[in-house]
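Visitor: I'm new to this one. Could you walk me through it, a question at a time?

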Amino acid sequence: MTGRPFVYGLMALLLVLTWSSPASGAAASRFNDPQPHRGGAEYRVTYDGRTFACSSGFAVRRVDGGKRAMATAGHCAPTGTAATSGEFRFGTFLASFNNETVDAALIGGTRIKPQEYAPTLWTDGGTPSTPVARRVLGKADGPVVGQKVCVSGKVTKLVCDIEVYHLTRGESCDEEHPDVCTGGLVLAGKEGVNIVHQGDSGAPVFVPIDTEIDGHKVFGAMLVGMLVGGGPRVEQGPEDLITFHTVKQIECALAARVLTTSEAQSGDTTPPPPREDCATAS
């Protein structure tokens, strides 16, 4: 990171874990996520003889066919890898990208092992008044400088009031393949706080929305991105910086569109149209 002002080169978050499955019948949680699967859940993958853990991002609908899938970080596993969450199947990596411009992947069901995904995010682990989950009520192509956002990953769980510093200067290098660094990411941080840890990769980045629908209070979220990496602002300092892809970058890279609660409830199965502005996705 020598010569890079403000530590733009951040190591991607990836954790090698020993496999352990909860007992059958364990309660549903972000660590044991049943169908329909939520964003912010822990999932595990095994390849090259090792087991890794990451976090799910948010549900999307694929432009090709309109089926639902889950967005996550590409460095978590290669295409074709099966994912599980606790005692449940979570899906298969249908497409995975980890290069200079994209660190994103699509997890979905297969014909033999179908899966369902919901426009909901696990958010337990914050303050006592924090809801267990939030509905995805909307999305934005990305955040704006100075905006405060939240991240909800499987390790650090919910962390909010993270300030967006820059929209394109973030860079993240894969710990397993340090020669692969993804650039053009959003850079954000929070002073003196460990925002994320290894295993939070792929988590949703959002702005909370509390509203009322049909007279009932609804805890909602407006998606603005997906976590890629994180690291310290200074050597041996707290992990107070993160980098993340914007929603627009994810939709363009994965040929998919974010699934919101209203869209899911509509029952419309018409494939969403592809974005026409992906040439300016960076």
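This is a predicted model: local features need pLDDT of at least 70, side-chain atom pairs count only at pLDDT 80 or more; totals for chains, interfaces and linings use all residues.

Visitor: Which cysteine does Cys54 join in a disulfide?

Guide: We need a partner whose sulfur sits within 2.5 Å. One sulfur lies 2.1 Å from that of Cys54, and it belongs to Cys76.

Visitor: Is that disulfide of Cys54 and Cys76 left-handed or right-handed?

Guide: Look at the torsion about the S-S bond. For Cys54 and Cys76 the torsion is about -95°, so the disulfide is left-handed.

Visitor: How many residues apart in sequence are the parts that this pair ties together?

Guide: Cys54 lies in strand 5, while Cys76 is in the loop between strand 7 (68–72) and strand 8 (82–85). Both cysteines are buried, by the way. The pair therefore ties together parts whose separation in sequence is 22 residues.

Visitor: What about Cys173 and Cys181: left-handed or right-handed?

Guide: Their sulfurs are 2.0 Å apart, and they form a disulfide. Here the torsion about the S-S bond is about 105°, so this disulfide is right-handed.

Visitor: Is Cys278 buried or partly exposed?

Guide: Cys278 forms a disulfide with Cys252, with 2.2 Å between the sulfur atoms. Cys252 has a relative accessible area of 17% and is buried. Buried means under 20%, and Cys278 comes in at 30%, so Cys278 counts as partly exposed.

Visitor: On to the inside. How many residues does the largest nonpolar core have?

Guide: In soluble globular proteins, nonpolar side chains tend to be buried together. In this model, Tyr43, Val45, Phe58, Phe90, Phe93 and Leu223 have the most contacts inside the largest core. Leu223, for one, touches residues including Phe58, Leu121 and Val258. The number of residues in that core is 41.

Visitor: And which class has the most residues in the lining of the largest pocket?

Guide: That pocket holds about 240 Å³ of space. Its lining includes Arg62, Lys67, Leu94, Gly108 and Glu116. By class there are 2 nonpolar and 4 polar residues, against 5 that are charged.

Visitor: What is the volume of the second largest pocket?

Guide: Its lining has 14 residues, with Tyr47, His75, Pro78, Asp174 and His177 nearest the centre. Strand 5 (50–55) and strand 9 (88–98) each supply at least two lining residues. The volume is about 190 Å³.

Note on methods
Residues are numbered from 1 along each chain as its sequence is written. Side-chain values use heavy atoms; hydrogens and water are left out. A nonpolar core is a set of buried Ala, Val, Leu, Ile, Met, Phe, Trp, Tyr and Cys residues joined through side-chain atoms within 4.5 Å. Buried means under 20% relative accessible area, exposed over 50%, partly exposed in between (1.4 Å probe, protein chains only). Contact means heavy atoms within 4.5 Å. On a 1 Å grid over the protein atoms alone, a cavity is a set of points where a 1.4 Å probe fits but cannot get out, and a pocket is an open set with protein on both sides within 12 Å along at least five of seven lines; lining residues have an atom within 4 Å of a point. Grid points are joined across faces, edges and corners, and a volume is the space filled by probe spheres set on the points. Ala, Val, Leu, Ile, Met, Phe, Trp, Tyr, Cys and Pro count as nonpolar, Asp, Glu, Lys and Arg as charged, and the others, Gly among them, as polar. Helices (H or I, at least four residues) and strands (E, at least two) are DSSP runs, numbered from the N terminus. Lists of a residue's contacts leave out its neighbours within four places in sequence.
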